[in-house]
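Q: I have the sequence and the model open. Can you show me how to read a few features?

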Amino acid sequence: MAQPLLEARQIVKSFGRVRALRGADFTVYPGEVVALVGDNGAGKSTLIKALAGVHAPDGGEILFEGEPVTISSPLAAREMGIETVYQDLALAAELDAAANMFLGREVMRSGIFGRLGFVDKPAMRGQSREAFDRLGVALQDTAAPVATMSGGQRQGIAVSRAVTWASKVVFMDEPTAALGVVQTRNVLDLIGRVRDHGLAVVLISHNMPEVFEVADRIEVLRLGRRVARFRRGEASMEDVVGAMTGAITHDGEAT
């Protein structure tokens, strides 16, 4: 098997008296969609935030391409090629799609105007349209404020931004939450296209049918620890739910 791209080993994280992670393990391989599942309070979001540089672990080890690393901030994660799409999408509603795509990475105009702080809107809009077309994100008007767009379109912008800037891994936290049927279908198709572009995708989701549709592997957290791992086709939905609830142990035996 290939070397893991990103690996968490025995990660511990507490918030006051609450132990969110109690020796959690997690593995991401290049070019795969791996689903991280678990019941509420299992530690999924905390683990992802530790890997994305939001939370500093209290203990354990993170390896990137086989080497121990410290991911000290979201900026450090981005510099490693790791991008995250959070549930709130982190979009600026009053700005257009291109401005959101380049938020914090604006392209400045050449010459004196760039030195004076003027951004190159045509360049950013052109590059944004290319990214949306490449990933199949349909926007009627890329110059319209994001506030006027549908939930699916906003999700497409957030995913496109992550994919545009990521070179290794994209984390997606509940990407289809609160979306309609058609919008959900578009996002799931988008996840497949992201993988086809060679990136690893980490999907956090409570929706088991969606997980089974798009994930190459499934890793299960329960009470702050990884309790099971499954490959596509090797487990049923009941197996995964059983691991989430504690009815099945790590080796697949019923308790």
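Q: Where does Ser128 lie?
A: Helices (H or I, at least four residues) and strands (E, at least two) are DSSP runs, numbered from the N terminus. Ser128 lies in helix α5. This is a predicted model: local features need pLDDT of at least 70, side-chain atom pairs count only at pLDDT 80 or more, and totals for chains, interfaces and linings use all residues. Residues are numbered from 1 along each chain as its sequence is written, and side-chain values use heavy atoms, leaving out hydrogens and water.

Q: Is Ser128 buried or exposed?
A: Buried means under 20% relative accessible area, exposed over 50%, partly exposed in between (1.4 Å probe, protein chains only). Ser128 has a relative accessible area of 0%, so Ser128 is buried.

Q: What does Ser128 touch?
A: Contact means heavy atoms within 4.5 Å. Setting aside residues up to four places away in sequence, Ser128 touches Ala98, Met101 and Phe102. A polar atom of the Ser128 side chain also lies 2.7 Å from the backbone oxygen of Met124.

Q: At what angle do α5 and α6 cross?
A: Axes are lines fitted to C-alpha atoms, for helices over the stretch in contact, and angles run from 0 to 180 degrees between N-to-C directions. The axes of α5 (residues 121-135) and α6 (residues 151-165) come within 10 Å and cross at roughly 100 degrees. Therefore α5 is roughly perpendicular to α6. (Under 35 degrees counts as roughly parallel, over 145 as roughly antiparallel, 65 to 115 as roughly perpendicular and the rest as oblique.)

Q: Which residues make that contact?
A: From α5 come Ala131, Phe132, Arg134 and Leu135; from α6 come Ile157, Ser160, Val163 and Thr164.

Q: Which residues touch the most other members of the largest nonpolar core?
A: In soluble globular proteins, nonpolar side chains tend to be buried together. A nonpolar core is a set of buried Ala, Val, Leu, Ile, Met, Phe, Trp, Tyr and Cys residues joined through side-chain atoms within 4.5 Å. Here the largest core has 48 residues, and Val37, Ile218 and Val220 touch the most other members. A second, separate core of 27 residues includes Ala8, Leu51, Ala52 and Val202.

Q: What is the phi of Gln10?
A: Phi of Gln10 is near 55 degrees, a positive value in a residue other than glycine. Gln10 is found in strand β1. With a relative accessible area of 47%, Gln10 is partly exposed.

Q: And where is Ile11?
A: Ile11 is also placed in strand β1 (residues 6-15). Ile11 counts as buried, at 1% relative accessibility.

Methods
Polar contact = N/O pair within 3.5 Å; in protein donor to acceptor, adjacent residues only side chain to side chain.
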